[in-house]
Each structure stands twice: as C-alpha cells, then as structure tokens.
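Let's take a walk through a protein model together.

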Amino acid sequence: MTTRRNDDDRHPVRLRTVDLARLAGLSTQQIRNYEEAGVLPPAGRTPSGYRAFGDAHRRALLTYRALQPGYGPVTATRIMRAVHAGDVPGALALVDGAHAALHEERAALRATGEALEELAGEPPAAAPRSALRIGEVAALLGVRTSALRVWEAAGLLGPPRERGTGYRSYGPADVRDARVIRALRRSHHLFDQIRPVLQQLRREGDTDALRSTLAARGEALTGRTRQMLAGAGALHDYLGGPTAAGTTTGSTADGPGPSPR
C-alpha cells in the first residue's frame, strides 16, 4: 500500500498496522489490542478491509507510551479511553487521582522520616531492656494509659499478655512502636497514616535499615514524578491536536466531546 506524506514530510498520513507497530517497537497484535481497548481512536478500513491508521493514531500511541511509565498501564489505558470517548474531564480526573495518590505516598514517607527523627532524639536510657507494664510505658512516654489502650484498640499496638495475670507486657519493640505513634499523633497524623509507618518499621527490623529504604523510596518517587510530568505534557499536546476524525480532542463548553478544529 502506498502512503502519502503530510506537509512537513516527516510522518505518513496513512499507516498500516505493521507500520504503526514498527514505530513503537510493538507487535501488530498489540496495535490491534490497543485499538480494541480504546487506547487508539477507531481505525479506518481500506476497500480490502485492512486497518488504515493515520498520524492521529501515531500521536495517540506515543501519548499512551509516554503515560505508561508514570501512571502505569491500567491508568494510562483508562485515560486514553476516556479521551477517545469524548470525556476529557474524566480523563483529567484520572490524572488528578494519580497525582493525589503520589502525594499520599510522599506524606507517608515524610511521616516515617519524622518518626525516625523522634526515635533518634530519644536518650539511650529511655530504651527499656526488659518488659514494662502499661503504666510504666505511659510514664516513660508522657501519655495517659488510656491513649495506649486506644492505640491498641486501633490495631497499632499489640503487646502480649502475661500468663496468669493477663497484664500487658511491653517489650522494646512495643515501646519503640508506641514512641512512633506518639510522635506522629503529635503531628496530627491519622491512624490510617501511622499504620503503614509501623508496618515498614517492623518489616525492616531497625531504624538504620528503614532509613536506607526511605532514601531509596524517595528517589523512586522523584523519578516517578518526573515520568508523570512527561506523560502529562504528552497528554496536553495530544488534547490540542487533531483526531482521526479531523476534530480536536478538547471538550466543548457544554460538556465533554470533540469540538471543531
């Protein structure tokens, strides 16, 4: 099949499935899957029944590929599907949701760092070498025993009970967790925000290991933020360009949908 070129002579106006696949290093079946999933606008058909793609499809594919690293394949697919269904506000809401989730990850990371700083500021003598009872822990931390019971009821603490007496027995790890909770509650963190901090601390085993994990996680979040910015930029450019139907992908003043270019 012959192809014509557009005014700048850079990209063919008509592309076969194999042409589009080669541009992105994909298989022809992946291109068909993308069209069926709504990642690409619907393709035209040649008189013989073959798919006929154009520059709008090329741009849609590149936009989707730019969205994938930062937003993930599932959200990227939903974004492109919403755009091609004419629901640009819905697509942008998905973008907003992904950025909000990333913000929550950063907040949790910051909370964990604050807890580590709190632990680092404790005097060495404050770390008990033997099990303590609830009143002793409360006095050590400067909180009420009722606060410790509330934290336990919320699933943040789980000190074992002494056989026979049934009294709570706080070991060094339990006291450490209580310190973390106290520090984060003073910073007005909610229980749901504190829970993953404790889970990370227990999983890593000690604060030094957790500190290394936090540093690596922070670098990963920074990298993902940059990927999301690149993807959002590609989406912005795509929304301002023509679709396969010759319209723009922006929404009209009356609601989502294509508007004349």
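Start with a stretch of helix α7 that you can pick out by its buried residues: Asp 174, Val 175, Arg 176, Asp 177, Ala 178, Arg 179, Val 180, Ile 181, Arg 182, Ala 183 and Leu 184. Here, buried means under 20% relative accessible area, exposed means over 50%, and partly exposed is in between, using a 1.4 Å probe and protein chains only. Since 11 of the 15 residues of α7 are buried, this helix is largely enclosed by the rest of the structure. Helix α7 covers residues 172–186 and reaches 21 Å from its first C-alpha to its last, close to the 21 Å expected at 1.5 Å a residue; the expected span is 1.5 Å times one less than the number of residues. Just after α7, look for His 188, which takes a positive phi of about 70 degrees.

Before going further, a word on what you are looking at. This is a predicted model, in which local features need pLDDT of at least 70 and side-chain atom pairs count only at pLDDT 80 or more, while totals for chains, interfaces and linings use all residues. Residues are numbered from 1 along each chain as its sequence is written, and side-chain values use heavy atoms, with hydrogens and water left out.

Now zoom out. The protein chain holds nine helices and two strands, and from the N terminus on its elements run α-α-β-β-α-α-α-α-α-α-α. Helices (H or I, at least four residues) and strands (E, at least two) are DSSP runs, numbered from the N terminus. Of the 261 residues, 40% count as buried. Contact means heavy atoms within 4.5 Å, and among contacts between residues at least 6 apart in sequence, 56% join residues at least 24 apart.

Leu 141 lies in helix α5 (residues 134–141) and, at 3% relative accessibility, counts as buried. Not counting residues up to four places away in sequence, Leu 141 touches Ala 178, Arg 179, Arg 182 and Arg 186. The C-alpha atoms of Leu 141 and Arg 179 are separated by 6.9 Å, although these residues are 38 apart along the chain.

For a contrast, go to the loop between α6 (145–153) and α7, where you will find Gly 158. Gly 158 is exposed, with a relative accessible area of 56%.

Next, visit helix α3 (residues 55–84), where Thr 63 lies. Thr 63 counts as buried at 4% relative accessibility. Leaving aside neighbours within four places in sequence, Thr 63 is in contact with Met 80, Ala 234, Leu 235 and Tyr 238. Thr 77 also has its place in α3 and counts as buried at 13% relative accessibility. With the neighbours within four places again left aside, Thr 77 is in contact with Ala 37, Val 39 and Tyr 64.

Finally, how do two helices meet? Two packed helices are described by the angle between their axes and the distance between the axes. The axes of α1 (residues 17–24) and α2 (residues 28–37) come within 8 Å and cross at roughly 100 degrees. Axes are lines fitted to C-alpha atoms, for helices over the stretch in contact, and angles run from 0 to 180 degrees between N-to-C directions. Thr 17, Val 18, Leu 20 and Ala 21 of α1 make the contact with Thr 28, Ile 31 and Arg 32 of α2.
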